[in-house]
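Here are my notes for you, written as numbered points. Have the model open while you read.

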Amino acid sequence: REQAAQLARDRALELAHVGNHDASRMGARYGGLAAGAMLLAEQFPAVHDRAGVRVLEGEVVYAIRHEMARRLDDIVFRRLGLGDERVGARQAAVPISQWMARHLGWSMARTREEVERVERQIDVEDKVITGAMQR
């Protein structure tokens with residue numbers, strides 16, 4: 001993984017929209033497939049960067065096109081691994097859902113349902129954590 005991350009950082013020097021940090025993260029996440037993910041990040045350069053969570057639209061497009069992701073919770077928790085970053089995941093849900101809607105042709109109602117599903121999952125996890133801390 002470290003070798004893939006280094007190769008991705010080297011490749012990022014040639015790209016306008018993918019920085020060293022993004023390339024390193026993508027190299028570690030995608031391994032030898034990082035170059036393809038980074039090219040999509042160049043093609044779809046929108047970025048969400050709040051509450052310690054940074055997501056590139058190209059990563060979402062990669063998950064849709066190459067990993068067959070079709071639900072927001074799949075991308076937020078499984079593909080991007082934001083389960084431990086509940087505040088960041090909650091804030092990222094809306095922009096990621098909007099990108100997914102654009103690429104998958106979701107209606108406004110479907111987009112809203114997807115965000116609500118993610119928020120419910122985060123709420124459940126928050127309750128479990130709060131309950132465990134009170135014991």
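**Notes on salt bridges and one buried serine**

1. R78 and D74 sit four residues apart in helix 5, about one turn of the helix. Their side chains meet in a salt bridge, 3.7 Å from N to O (a side-chain nitrogen of Lys or Arg within 4 Å of a carboxyl oxygen of Asp or Glu). R78 is exposed at 61% relative accessible area, while D74 is buried at 16% (buried is under 20%, exposed over 50%, partly exposed in between, with a 1.4 Å probe and protein chains only).

2. Before going on: this is a predicted model, where local features need pLDDT of at least 70 and side-chain atom pairs count only at pLDDT 80 or more, while totals for chains, interfaces and linings use all residues. Numbering starts from 1 along each chain as its sequence is written, and side-chain values use heavy atoms, leaving out hydrogens and water.

3. R102 pairs with E57 in a salt bridge, closest N and O atoms 3.1 Å apart. This one links distant parts of the chain, helix 6 and helix 4, 45 residues apart (helices are DSSP runs of H or I, at least four residues, numbered from the N terminus). R102 is exposed at 55%, but E57 is buried at 5%.

4. How many salt bridges turn up in the whole structure? The search finds 16. D22, R25, R29, D49, R54 and E59 are linked in a network of them.

5. Now look at S97 in helix 6, residues 86-104. S97 counts as buried because its relative accessibility is 1%. Leaving aside residues up to four places away in sequence, S97 touches L72, W106, T111 and V115 (contact means heavy atoms within 4.5 Å).

Technical notes: Helices (H or I, at least four residues) and strands (E, at least two) are DSSP runs, numbered from the N terminus.
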